[in-house]
Amino acid sequence: MADSNMTKKALASALKELMKTVPFSKISIGDICDMCEMNRKSVYYHFKDKYDLINWIYTSEFIVRIQNRIYDSEWDLLEDMCIYFYDNRDFYRKALQIEGQNSFYDYFREILKILLTDYIKDVFDECKNADFYVTFYADAFVASIVRWLTDKNCKKPDEYTVLLKSCLIDFAKVLVNELEKSSDN
């Protein structure tokens, strides 16, 4: 098991290093193998393809780290996620731009949907549209995170999460006021 993780980490490190100078679409499995002096079988033993390797990087570096952590609120989890992305922004700026089947963008969106599902179900108990809400908010968060990370003046994670939170809260207040006005008429 330790050797397996060492191999995976070596492959991940090689991919990260290559992505500093080479577009992801131009990186081959052979390039990754050459960088860490392994054979192709090593890659395919652990991963389906280079997309799977990128997804493993996120899972092993972030998801595994937070699995046993207890957060006071969903906002704390979001801020933790943003800190991780910010600290690794050069890599994730590129990873989130990858398109196509098995892309990190799609993988991250699915992770967010899982995280949002429990929260949405708690907030909108027995709501028949919960799946729609989860998809909507996952899409919105991913798009916002991509825009944030790719901005040349990328804000610090705490500033960004404060803006997200205030955006949602302020919008909710406006909606409630509008609904109250329309029900008074």
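Figure 1. A disulfide is defined here as a pair of cysteine sulfur atoms within 2.5 Å. Cys33 takes part in no disulfide, and the nearest cysteine sulfur, in Cys36, is 6.1 Å away. With 2% relative accessibility, Cys33 counts as buried (buried: under 20% relative accessible area; exposed: over 50%; partly exposed: in between; 1.4 Å probe, protein chains only). For Cys82, the closest cysteine sulfur is that of Cys154, at 9.2 Å, which is too far for a bond. Cys82 is likewise buried, at 0% relative accessibility. The structure is a predicted model, in which local features need pLDDT of at least 70 and side-chain atom pairs count only at pLDDT 80 or more, while totals for chains, interfaces and linings use all residues. Residues are numbered from 1 along each chain as its sequence is written, and side-chain values use heavy atoms, with hydrogens and water left out.

**Figure 2. The stacked pair of Trp148 and Tyr160**. Rings of Phe, Tyr and Trp (its six-membered ring) are paired if their centres lie within 6.5 Å; planes under 30 degrees apart count as stacked, over 60 as edge-to-face and the rest as tilted. The count under this rule is 22 aromatic pairs. In the pair shown, the ring centres of Trp148 and Tyr160 are 4.3 Å apart and the planes lie at 10°, so the arrangement is stacked. Trp148 belongs to helix α8 (residues 130–150) and Tyr160 to helix α9 (residues 157–184), so the pair ties together parts 12 residues apart in sequence. Helices (H or I, at least four residues) and strands (E, at least two) are DSSP runs, numbered from the N terminus. Both partners are buried: Trp148 has a relative accessible area of 5%, and Tyr160 has 6% relative accessibility.

**Figure 3. An aromatic cluster and lysines over ring faces**. Ring pairs join Tyr58, Phe62, Tyr84, Phe85, Phe91, Tyr92, Phe104, Tyr107 and Phe108 into a cluster. Lys16 lies over the face of Phe91, 5.7 Å from the ring centre. Lys50 is placed over the face of Phe24, at 4.4 Å from the ring centre. A charge sits over a ring if NZ of Lys or CZ of Arg is within 6 Å of the ring centre and within 35 degrees of the ring normal.

**Figure 4. The largest pocket, with about 1100 Å³ of space**. On a 1 Å grid over the protein atoms alone, a pocket is an open set of points where a 1.4 Å probe fits, with protein on both sides within 12 Å along at least five of seven lines; lining residues have an atom within 4 Å of a point. The volume is the space filled by probe spheres set on the points, which are joined across faces, edges and corners. Of the 34 lining residues, Glu74, Leu116, Tyr119, Ile120 and Phe141 are the closest to the pocket centre. Helices α4 (50–66), α5 (74–87), α7 (104–123), α8 and α9 each supply at least two lining residues, and α7 gives the most, with 10. The lining divides into 27 nonpolar, 2 polar and 5 charged residues (nonpolar: Ala, Val, Leu, Ile, Met, Phe, Trp, Tyr, Cys and Pro; charged: Asp, Glu, Lys and Arg; polar: the others, Gly among them).

**Figure 5. Positive phi at Glu37 and Asn102**. Glu37, in the loop between α2 (29–36) and α3 (40–46), has phi near 55°. Glu37 is exposed, with a relative accessible area of 76%. Asn102, in the loop between α6 (89–95) and α7, has a positive phi of about 70° although it is not a glycine. Asn102 is partly exposed, at 37% relative accessible area.
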